[in-house]
Amino acid sequence: MLFSFMSKCSQRLIVISTFAAGLAAVLLAGCGGGGGGSSAGGDTTPAPTAGTPAPGGTAPATAQAFEWKSSEPLVKPPADRTDIFGVKDPTVVHHDGRYHVFMTTAGKNGWGLAYTSFASWAEAPTAPQFMLDKSPMGPGYRAAPQVFYFAPHKLWYLIYQGGDPLYSTSSNIADPLSWTAPKPFYATVPASVKNAEGNATWLDFWNICDDRKCHLFFTGDNGSFYRGETTIESFPRGFAEPVVVMKEKLEDLFEASNTYKITGTNQYLTLIEAMGPKGRYFRAWTADRLDGTWQPVAGAPMNLFAGTDNVKFDGRIWSEGVSHGELIRDGVHQTLSIDPCQPLKFLYQGLDLEPGKTYEYIELPYRLGLITATAPNAISVLCKK
């Protein structure tokens, strides 16, 4: 029986649930309208495989493979919202003693955004959820959020896709009604993200800033990893034409990228979702600057970060693969820092299928769970304490 994984935005495939090994991936066009098309502009040199130096770079140091343990599903659709099938694409910060989680909802009316907050992970399953279409963000297609505090403006930013990259701001992250109406980052779709048919191929937008610039990373469901930049002073305006910073096969560099500064080092970490015979998984790269060359993290085939092969469960294996998520940061600011001296924790969307049941893509029962690193790894070895 065929199990088909697709872009988060397509609704054109029926999915049959099976837990057999050797799942097959079938790809159709993503929400950009041209997933799988050729990319334009930028560097199209294939990225090096794990342990191999990139052109002009040096081979990464030997590192231990990542190992993880997963929680049970922590966040599900509200019990009284039978019109919502799944919750996906989480972004999370810890602020004023609480976790603040924003996520995509997939339901009968399409994709939207929701917010929940809790003091501990034990409280997550019972925490109320607020649908952000009730805020000034309004209704309509909204998906794949990212949240951070932009210190120069003293404002929270919520970035998300509405076809093109959009953002809203708030002075109070705990007030879901405070988010402003959506605004675009780009006035028009850049030429470098259009495929041969002229359709945009960009999604899953992720902003991170250093001390001079802000960098907007994204993928295109086409094997390309892109970056646009603007100055700290100009943000959120002035983003330049995006360039391709990595290029691989479509299934090996798919979507849901997230990038972080590793605290106490001059290193950055990028995670990008890929697809394999056992479901979705994340790969990892590091670089010494955000506009630099990304080197595969050594230690495992395909520079594996998290997936079926290295995540263990207590009891029921409820998720097939590890999909779109975010690391728990050690701060809230635009630098997006993670602490290598603390066990890594990654909030992810897991696919909790009912065996034998048939699903339309939007009906897939995604739930949010937390994986915690259980052994030394390529990031923890960077701890200098």
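When the bonded cysteines of the protein are numbered in sequence order, they pair as 1-2, 3-4. The model examined here is a predicted one, and a search of the whole structure finds 2 disulfides. A disulfide is a covalent bond between the sulfur atoms of two cysteines. One of the links is formed by Cys209 and Cys214, whose sulfur atoms are 2.2 Å apart; this link is right-handed, with 95° about the S-S bond, and both Cys209 and Cys214 are buried.

A disulfide also joins Cys341 to Cys383, with an S to S distance of 2.0 Å, and the link of Cys341 and Cys383 is right-handed, with 100° about the S-S bond. Because Cys341 lies in the loop between strand 22 (337–338) and strand 23 (345–351), and Cys383 in the segment after strand 25 (366–373), the pair ties together parts that are 42 residues apart in sequence. Cys341 counts as partly exposed, at 24% relative accessibility, and Cys383 is partly exposed with a relative accessible area of 26%.

Strand 5 gives the most to the lining of the second largest pocket, with 4 residues, and the lining residues divide into 9 nonpolar, 7 polar and 6 charged.

Conventions
Residues numbered from 1 in each chain as written. Predicted model: local features only at pLDDT ≥ 70, side-chain atom pairs only at ≥ 80, totals over all residues. Heavy atoms only, no water. Helix = DSSP H or I, 4+ residues; strand = E, 2+ residues; numbered from the N terminus. Nonpolar A, V, L, I, M, F, W, Y, C, P; charged D, E, K, R; others polar. Disulfide = S-S within 2.5 Å. Buried < 20%, exposed > 50% of the residue type's maximum accessible area, 1.4 Å probe, protein only.
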